[in-house]
Amino acid sequence: MAARKGRKRTCESERPMEAESRDAGSEGPAQVYLPGRGPPLREGEELVMDEEAYVLYHRAQTGAPCLSFDIVRDHLGDNRTELPLTLYLCAGTQAESAQSNRSKDLRFWCSGRLAALVTTLSLLSLPPHFPVFLPLQVSWLGEEPVAGVWSEKGQVEVFALRRLLQVVDDAQALAAFLKDEQARVKPIFAFAGHMGEGFALDWSPRVPGRLLTGDCQKNIHLWTPTDGGSWHVDQRPFAGHTRSVEDLQWSPTEDTVFASCSADASIRIWDIRAAPSKACMLTTATAHDGDVNVISWSRREPFLLSGGDDGALKIWDLRQFKSGSPVATFKQHVAPVTSVEWHPRDSGVFAASGADNQITQWDLAVERDPEASDPPMDTEVGCPA
């Protein structure tokens, strides 16, 4: 948890702290901030973390706010326990001008020495980009990692990352790259056919290089990889939504099926084997009371998870999708849900985050304890883990 203080809003710790509450110069007793409970933060209040809550705490500065990042998966295996540990990230910044915006490849490297843990960070910036990096997502094309990036000008670009990851691993190579090659980095492909900016983008987990992009003008375009490392983008958009496309998700089990959600409150299921104007196969018109912001497709069960401006989390069984009713609804968040994700291996666990400064983790196998004295707020079905 964090405590209230003066001016700035941040929340970074998960245990109570002793700190003073200050508002317009006044002082009061320490208060633990619990997102979604108690009175909301007043103007001028600041959440201050308890530094003693962490065994290790490092902060990587990107120089400007970062709207989106993705982990670049390597080939070193999952569930690693031996040090050193390495993590690669690709991120984009949101700055006030195009000259200040950068796409960044970040490498975190951790090694252990008895009780001490040393963390190092290498960071590589690409040349300035169009104003505002919006959603960014990384995938692999054979041996080449690539990043798909939205920009505020309504253009989607694909960058090759292999060379960039190589130089991040070597201090001398990084210095040489920054001196001689950095300014020459260009996208390997760009599509300017969207009618405006967008937020939705998803690489297919089953067909390398297949990509979907959705914009604020309700259009969804399909990218199909071609020989020679390029793409064919179908100029005919998938038609169905009446407002901004907020998120897209390929099916983890079927090559040609994807889901979309929109500010028109609907969730739709599509099959790209049909013509774009006829590809919408299933629709739930009022999936949420307002914008549907995010969706996540379970890798192990025929379930789709959604989060909306109404603060609700809903689970949809695709075998019963025509009914228009979710199989479960959870109400813990008190502001729009901004991110959802199923656990990659446990089919009953998922996480969500919201504009109420909460990150919640849920386990569908856990039943609510009827004798619990402090049940989760406004939970309709189930409870957080």
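Guide: Start with helices and strands. Both are DSSP runs, numbered from the N terminus: helices are H or I with at least four residues, strands are E with at least two. The model is predicted, so local features need pLDDT of at least 70 and side-chain atom pairs pLDDT 80 or more, while totals for chains, interfaces and linings use all residues. Residues count from 1 along each chain as its sequence is written, and side-chain values use heavy atoms, without hydrogens or water.

Visitor: Where is D309 found?

Guide: D309 sits in the loop between β23 (303-308) and β24 (313-317).

Visitor: Why is D309 called partly exposed?

Guide: Buried means under 20% relative accessible area, exposed means over 50%, and partly exposed is in between (1.4 Å probe, protein chains only). D309 has 33%, so D309 is partly exposed.

Visitor: Which residues does D309 touch?

Guide: A contact means heavy atoms within 4.5 Å. Leaving out residues up to four places away in sequence, D309 touches D291, N293, A335 and P336. V292 is 17 residues from D309 in sequence, and their C-alpha atoms are 6.5 Å apart.

Visitor: Why is L248 called buried?

Guide: The relative accessible area of L248 is 0%, so L248 is buried. L248 belongs to strand β18 (residues 245-250). Beyond four places in sequence, the contacts of L248 include L201, L212, I220, F258 and I295.

Visitor: How much of the protein chain is made of buried residues?

Guide: Of the 385 residues, 47% are buried. The chain has two helices and 28 strands. Take its contacts with a separation of 6 or more: 50% join residues 24 or more positions apart.

Visitor: What is the phi of K218?

Guide: Phi of K218 is near 75 degrees, a positive value in a residue other than glycine. K218 is in the loop between β15 (211-215) and β16 (220-226). With a relative accessible area of 39%, K218 is partly exposed.

Visitor: And the phi of N357, what is its value?

Guide: N357 has a phi near 70 degrees, again positive in a residue other than glycine. The loop between β27 (349-354) and β28 (359-363) holds N357. N357 has a relative accessible area of 34%, so N357 is partly exposed.

Visitor: What makes a nonpolar core?

Guide: The members are buried Ala, Val, Leu, Ile, Met, Phe, Trp, Tyr and Cys residues, joined through side-chain atoms within 4.5 Å. The largest such core here has 15 residues, and V72, C90, V138, A147 and L161 touch the most other members. At least two core residues come from each of β7 (85-93), β10 (133-141), β11 (144-151), α1 (162-168) and α2 (171-180). The largest share, three residues, is from α1.

Visitor: What makes a pocket a pocket?

Guide: On a 1 Å grid over the protein atoms alone, a pocket is an open set of points, with protein on both sides within 12 Å along at least five of seven lines; lining residues have an atom within 4 Å of a point. The second largest pocket is lined by 17 residues, with S251, T253, E254, W297 and L318 nearest its centre. Elements giving two or more residues to this lining are β20 (267-271) and β21 (280-284). β20 gives the most, three residues.

Visitor: What secondary structure do residues 238-273 have?

Guide: Residues 238-273 are 0% helix and 47% strand, with end C-alpha atoms 12 Å apart. Residues 330-364 are 0% helix and 51% strand, and their end C-alpha atoms lie 11 Å apart.

Key:
On a 1 Å grid over the protein atoms alone, a cavity is a set of points where a 1.4 Å probe fits but cannot get out, and a pocket is an open set with protein on both sides within 12 Å along at least five of seven lines; lining residues have an atom within 4 Å of a point.
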